[in-house]
Amino acid sequence: MFFDGFLLRAGLAGIGVALAAGPLGCFVVWRRMAYFSDATAHASILGVAMALAFDVPIFAGALLIALGAAFAVSALSDRGASSDTILGVVAHSALAFGLVAVSLLPTVRIDLMGYLFGDILAVTRTDVALVWGGAVLVLALLAWRWSALLLATLSPDLARASGVSPDREQLVLTVTLAIVVACGIKVVGALLVGALLLIPVSTMRPFCRTPERLGALAAGLGGLGSAVGLWSSYVLDVPAGPSIVCVLSLGFLASRVVVLVRP
Amino acid sequence: MSRILLQADRLDMRHGATPVLSDVSLAIRSGEIVTIVGPNGSGKSTLLRALVGALPPAGGRIERAPGLRIGYVPQTLVVDPHLPMTVARFLNLPHRVDAARADAALTRAGMAPHAQSQLGTLSGGQRQRVLLARALLSDPEILILDEPTQGLDQPGSAAFYRQIEAIRGETGCAVLMVSHELHVVMSASDRVICLNGHVCCEGHPEQVASAPEYRALFGTGTGGALALYRHEHAHHHHDHDHEAAE
């Protein structure tokens with residue numbers, strides 16, 4: 001009965017998002033884009049509101065606004081304005097406008113908490129298909145650009161000298177980030193999708209000597225954390241997103257303990 | 001006869017609306033070591049980037065010898081501690097290179113024992129040598145280095161420049177580098193170009209160090225650098241009057 005129930009759908013969606021978030025999260029960490037990913041995710045709430053207002057799929061609205069926010073932030077940062085200030089301004093204003101817009105919608109009564117922190121009850125078969133489609137697309141893009149992305153991350157100058165355009169690689173990350181955010185809204189929610197990007201990578205870092213291994217282990221740990229977190233959320237009747245993040249955080253703590261005690 | 005590898009002709013560069021370089025003309029010939037010196041903001045890095053083709057000129061022309069192989073060494077390599085990467089792997093980005101070739105480049109740069117070391121655990125000097133090895137992979141006709149010894153202490157810088165000189169001796173490649181440590185690079189340079197938005201003066205290192213344009217930029221009382229130079233200079237020529245005048 002579990003196997004075609006909502007828990008299975010939620011689990012599949014969670015694992016799908018986590019698999020894509022692991023390798024992408026590596027670049028978010030290596031390039032210090034944590035705030036960037038938060039800004040993108042927070043902005044997606046505005047996309048949710050607009051999708052509801054114009055009666056288009058939530059996924060499409062969130063993806064569109066997340067993409068818009070990511071590009072806006074990239075463009076503004078390039079002009080030399082202090083990057084984390086711009087990110088803060090965009091992140092908070094987009095979130096605020098999104099929340100206000102959702103409350104103004106006259107006809108719809110929606111559970112805002114579900115979009116902020118994830119809602120496993122709301123995951124449909126279509127959602128699962130969208131999440132896995134998005135995850136496969138993200139993983140394919142990252143695999144295709146992997147070496148070029150690594151070089152552009154280590155040194156934009158060397159990348160240029162080797163015929164790799166750092167701007168184009170940044171574009172790949174911007175697009176994949178928006179996809180992961182749009183996929184992650186139903187599972188972990190807009191406020192916590194950043195955790196799925198950051199925590200598995202920092203947990204697994206001490207146990208890896210190659211970037212590929214870190215990407216793979218982060219994906220695996222994220223998937224496991226999502227499954228365990230969802231299950232706990234079902235058993236304890238607490239929101240899905242926070243449960244997943246709690247499980248991942250405990251894993252992070254455990255890894256630090258292992259690092260401390262190992263010879 | 002040495003041929004011209006790289007040439008700038010009346011080059012103008014802008015950063016937005018601000019002119020950074022104006023009317024810069026220079027030529028680098030095969031096998032020579034040329035050092036560009038200049039104060040902060042004098043456009044040294046901009047000039048290098050324009051020469052390697054990373055920035056488009058606002059005016060003037062840049063000519064490279066057809067098929068010129070450039071080995072570029074950036075200022076520093078900042079490695080996030082969360083990024084696991086061995087030296088050998090770094091040389092294989094973005095495309096796999098022949099293992100023997102990678103070994104040869106590491107040996108030439110003095111980093112052969114560190115092929116399997118993590119980039120993040122290397123010292124500044126070692127990281128600079130890894131960048132040098134990477135630049136040597138393409139068997140360059142010209143090595144271009146942007147303040148390669150930034151953050152190294154003086155013995156470290158001196159050792160690095162000796163390595164550059166040795167590589168020039170072995171491979172015959174030309175070297176173009178930016179530095180603010182004229183006294184350290186002097187012995188290794190055939191020619192020095194003093195830059196401050198335009199070419200102030202150029203020539204043999206000793207000529208430049210005593211040129212009024214250079215002194216106007218770096219001052220006569222700026223301590224270490226020039227004093228060290230004059231000290232050597234005085235001993236060399238037994239010019240005690242000059243020293244006494246200090």
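Two residues are in contact if their C-beta atoms, placed from the backbone, lie within 7 Å. This is a predicted model, in which local features need pLDDT of at least 70 and side-chain atom pairs count only at pLDDT 80 or more, while totals for chains, interfaces and linings use all residues. Residues are numbered from 1 along each chain as its sequence is written, and chains are lettered from A and ligands numbered from 1 in the order in which they are written.

Select chain B to begin. Of its contacts with a separation of 6 or more, 68% join residues 24 or more positions apart. Chain B holds ten helices and nine strands, these being DSSP runs numbered from the N terminus (helices H or I, at least four residues; strands E, at least two). Of the 246 residues in chain B, 38% are buried, that is, 20 or more other C-beta atoms lie within 10 Å of their own C-beta atom, placed from the backbone.

Next, select strand β7 (residues 174–178) of chain B, where five of five residues are buried. In a regular strand the side chains alternate between the two faces of the sheet. Here B:Ala174, B:Leu176 and B:Val178 point one way and B:Val175 and B:Met177 the other way.

Strand β3 (residues 33–37) of chain B pairs with β7(B) in the parallel sense over four bridges, and B:Thr35 has B:Met177 as its bridge partner. Strand β6 (residues 142–146) of chain B also runs parallel to β7(B), joined by five bridges, with B:Leu143 opposite B:Val175.

Now move to chain A and select helix α1 (residues 6–30) and helix α9 (residues 193–204). They pack at about 75° with axes 7 Å apart, the axes being lines fitted to C-alpha atoms over the stretch in contact and the angles running from 0 to 180 degrees between N-to-C directions. The two helices are therefore roughly perpendicular, a term for angles of 65 to 115 degrees. Among the residues that meet are A:Val17 and A:Ala21 in α1(A) and A:Leu197 and A:Val201 in α9(A).

Finally, select helix α11 (residues 240–261) of chain A. Its 22 residues should span 32 Å at 1.5 Å a residue, and its end C-alpha atoms are 32 Å apart, which agrees; the expected span is 1.5 Å times one less than the number of residues. Buried residues of α11(A) include A:Ile244 and A:Leu248, and the buried residues pack against α1, α5 (112–117), α9 and α10 (211–236) of chain A.

How values were computed: Buried ≥ 20, exposed ≤ 12 C-beta atoms within 10 Å, placed from the backbone. Parallel < 35°, antiparallel > 145°, perpendicular 65-115°, else oblique. Pairing = 2+ DSSP bridges.
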